[in-house]
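User: I want to go over the charged pairs in this one. Can you put it up?
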Amino acid sequence: MWASLRAAALDAWAVVAPIDCAGCGAPDRGLCDGCRAELAAAVPRRESLVRPDGTELAVWHAFDYGGTARGILLAFKDMGRTDVAPALAAVLRRLVRAAAATAPPAARGRVELVAIPSTRAAYRRRGYAQLRLLLARAGYREGRLLRIAKQTQDQSQLNTTDRFTNREDSLTVRGTGTGRFALIVDDIVTTGATVLAADQALRNAGVEVLGVVALARTRRRFPRWESRAK
């Protein structure tokens with residue numbers, strides 16, 4: 001019954017404000033049933049990103065960055081398609097739960113979610129901080145431990161080496177982090193430069209970083225990733 005009512009409501013809304021599916025471009029749906037089902041079926045996967053000191057940073061993600069996931073994330077980040085936020089937030093919620101389940105006993109109930117902060121330019125362009133929006137839709141409070149220490153270039157225009165240089169010392173922590181536990185939250189991890197910069201800033205402040213949760217990652221551009229998945 002509810003599925004029929006939902007479909008009827010979407011059909012009615014499509015007459016008033018027609019829109020294409022953010023994932024596949026099908027007409028008259030913010031997300032078509034097929035793309036919505038693909039998001040709903042995503043299973044958290046755990047891999048490891050290598051820190052500069054050789055230790056490993058656990059990363060949970062749901063998608064390889066391509067196909068339907070890429071279309072939906074691009075629409076959300078760059079086209080103002082906040083209508084897909086609830087579906088993405090459901091994926092993020094599963095990732096956070098999977099990561100938090102592996103926390104040591106001392107961290108249970110004390111894990112803070114720390115989003116990568118948006119740059120001023122990105123916020124002006126979008127009109128919203130996409131990670132904070134997703135966390136709020138997922139029912140989580142963002143710790144706001146991180147702040148931007150220096151403005152950086154758009155990472156999408158840089159090669160792998162320049163991405164790490166661009167992000168170096170770009171983030172800092174508000175206050176003290178001693179005795180605190182954190183999961184870093186990002187939308188897409190490419191080379192790992194951004195989340196590693198966040199990890200370093202948090203650890204320098206005394207925060208114990210338990211890992212990263214990201215909706216998607218770009219496998220072909222991961223020379224610093226460990227190959228084994230868990």
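Analyst: A salt bridge here is a side-chain nitrogen of Lys or Arg within 4 Å of a carboxyl oxygen of Asp or Glu. This is a predicted model, where local features need pLDDT of at least 70, side-chain atom pairs count only at pLDDT 80 or more, and totals for chains, interfaces and linings use all residues. Residues are numbered from 1 along each chain as its sequence is written, and side-chain values use heavy atoms, with hydrogens and water left out.

User: What does Arg180 pair with?
Analyst: Arg180 forms a salt bridge with Glu112, with 2.8 Å between the closest N and O atoms. Arg180 sits in the loop between strand S5 (171-173) and strand S6 (181-189) and Glu112 in strand S3 (residues 111-115), so the pair ties together parts 68 residues apart in sequence. Strands (E, at least two residues) are DSSP runs, numbered from the N terminus.

User: How many salt bridges in the whole structure?
Analyst: The search finds 12.

User: Which residue does Asp64 bridge to?
Analyst: Arg217, with the closest N and O atoms 2.3 Å apart. Asp64 lies in strand S2 (residues 56-64) and Arg217 in strand S7 (residues 208-217), so parts 153 residues apart in sequence are tied together.

User: Is Arg217 buried or exposed?
Analyst: Buried, at 1% relative accessible area. Buried means under 20%, exposed over 50%, partly exposed in between (1.4 Å probe, protein chains only). Asp64 is partly exposed at 35%.

User: Which residues make up the network with that pair?
Analyst: Arg45, Glu47, Asp64 and Arg217 are linked by salt bridges.

User: And what about Arg81?
Analyst: Arg81 bridges to Asp83 at 2.9 Å between the closest N and O atoms. Arg81 is buried at 13%, while Asp83 is partly exposed at 39%.

Conventions:
Helix = DSSP H or I, 4+ residues; strand = E, 2+ residues; numbered from the N terminus.
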